[in-house]
Amino acid sequence: MKNVIAIDLGASSGRLISGVFDGEKIETKEQFRFSNQPVNILGEYFWDYIKIFQEIKHGLAIAEKNLGKIDSISVDTWGVDYTFLDKKGMIFRPPHSYRDNRVKNYINDLKNIISEEKLFTETGVNFNKINTIVQLFSDIKSNKELTVEIGSILMMPNMFEYLLSGKKSTDFSIISTSGLLNSENGNYSDKVFNSLQLKHEWFTPINKNGQILDDILPNIREELELESKPKIISGVGHDTAAALESLRNMDADTAFISCGTWSIVGKKVNKPVISDLAMDAGLTNEGCLGGSYRLLKNITGLWIVQELQKEWAYQGEMVSWQQMQDMANTIKDNNTYIDPNNEVFSQPGNMEEKIRSFAVNEDCTILKSKAEILRCVYESLAISYAKTIKEIEKATNTKLKNICMFGGGIQNKLLVQLTADYTGKSVYAGPIEASSFGNIISQLEILGDIKQDEKENIITNSLDIEEYAPKKITEEKKQSIVSFERHFS
């Protein structure tokens, strides 16, 4: 019997999920959950990594009391963000959140050095202001002393694994989001490093297959009064890449949708897809455990609904996730949509006003009620999923038949059914905690407890997946969507 812990950090919450493996199936259980929000300090957004680390330690103490022992621990997080260590190995400034706007003054300078086209061809990563390469370039341009102070740069999951083990590492799945790798060999790009005057010594070697770093630090064991000596594993550090490890039947004709704060729509591929079609569609190539890739597009997802919920709470009205779904279900004649990828929806604040202002329809309908606003958002997300899947089909010259949809957003059955309807494809929904489960099964594989050819049966034994068949939509609705997409494009 093995007990492992997945520390799964999302852009709005963190959780410690245990996995108990009996040789045939994995039983998962949430041991601890905490909120995680970027903190605004003097107009800049940072991750409160000290608070996150304290919460992780607290959760580990709880988990061991519940489980009796912990054999291993690994961390997965969102992509692109990182932290600086000085030459003594100490974090000397809090990591910025990708939602911080400090990069706006340096984007054109970066493009003058490396054009968007050259960056995509070299790295397989489509230009986005949140990318590590853009953030890092901006940090150095705004503070030239950084180049003297930097000893190491660690991506977020590797930073927390370092704090737990004292060992630095860089896993392929998370560093592949950076825009710093060569698309052909999957290693650091000399062209990018030389162009931007970055130093290879700031980064540790890339591990594509996962590695055991060390036992948890003795001082943490002492502080938490742990009986066990869990191994800290650098496994699959990007939460979407981790989630893909939890999916069965990931055939060439299957797409995936990670549905949470962000929506990530993609397809697993053996090597990066570098083409004008892929670039123009905004598709990007990111790594998976073992060295394969996921061709995908990031869409501003349920962040929009989270912002509405927060906004309405500030106004004194608490609306639960289920209530939001129920309200949206009362609207049957929506023909008003937004483009979730419009930059305005990725920024916090005034979300209801933004939706009203940027909504598009043919008959000048004004969104009046909360129910109408929510229906507009959910349908717009489903339409954007369908549009992206068509783009992936063109870029890969394949016809996708099914969709694996996972993450907290699949608890919204309306959104999942709309996705099936608007894509015209069967949707297999689950698991909700896909990143955690993938993190766990990957740890067991790295520890040698699970072989590759056993994973499919273990996943089948361990998870319940719900199928949503597409329902026929009316011609009037089709025309409404086509009209919006024409405006949208």
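**Pockets, cavities and a helix crossing**

The second largest pocket is lined by 19 residues, and Lys 332, Glu 379, Tyr 422, Thr 474 and Lys 477 are the ones nearest its centre. A pocket here is an open set of points on a 1 Å grid over the protein atoms alone, with protein on both sides within 12 Å along at least five of seven lines, and a lining residue has an atom within 4 Å of a point. This is a predicted model, in which local features need pLDDT of at least 70 and side-chain atom pairs count only at pLDDT 80 or more, while totals for chains, interfaces and linings use all residues. Residues are numbered from 1 along each chain as its sequence is written, and side-chain values use heavy atoms, with hydrogens and water left out.

Helix 15, helix 16 (413–423) and helix 19 (475–488) are the elements that give two or more residues to its lining. Helix 16 gives the most, with five residues. Sorted by class, the lining of the second largest pocket comes out as four nonpolar, six polar and nine charged residues. Ala, Val, Leu, Ile, Met, Phe, Trp, Tyr, Cys and Pro count as nonpolar, Asp, Glu, Lys and Arg as charged, and the others, Gly among them, as polar.

Helix 15 (residues 370–396) also turns up in a packing contact: its axis and that of helix 13 (residues 321–329) come within 8 Å and cross at roughly 90°. Axes are lines fitted to C-alpha atoms, for helices over the stretch in contact, and angles run from 0 to 180 degrees between N-to-C directions. Helix 13 and helix 15 are therefore roughly perpendicular to each other, the label for angles of 65 to 115 degrees. On the helix 13 side, the contact (heavy atoms within 4.5 Å) is made by Met 324, Gln 325, Met 327, Ala 328 and Asn 329, and on the helix 15 side by Lys 370, Ala 371, Leu 374, Arg 375 and Tyr 378. By class, this contact has six nonpolar, two polar and two charged residues.

As for the whole protein, there are 19 helices and 20 strands, both taken as DSSP runs numbered from the N terminus (helices H or I, at least four residues; strands E, at least two). The radius of gyration is 22 Å, close to the 23 Å that the globule rule gives for 489 residues, so the protein is as compact as a globular protein of that length. That radius is taken over C-alpha atoms, and the rule is 2.2 Å times the number of residues to the power 0.38. The C-alpha trace spans about 65 × 55 × 50 Å along its principal axes.

Searching the whole structure turns up three cavities of 30 Å³ or more, a cavity being a set of points where a 1.4 Å probe fits but cannot get out. The largest cavity has about 70 Å³ of space, and its lining divides into six nonpolar, six polar and no charged residues. Among the residues lining the largest cavity are Thr 123, Phe 172, Asn 182 and Tyr 293. The second largest cavity, at about 50 Å³, has a lining of four nonpolar, two polar and three charged residues.

Two loops carry backbone features. A cis peptide bond joins Gly 430 and Pro 431, and Pro 431 sits in the loop between strand 19 (426–429) and helix 17 (434–447). Glu 225 has a positive phi, near 55°.

Definitions and conventions: Parallel < 35°, antiparallel > 145°, perpendicular 65-115°, else oblique. Points joined across faces, edges and corners; volume = space filled by probe spheres on them.
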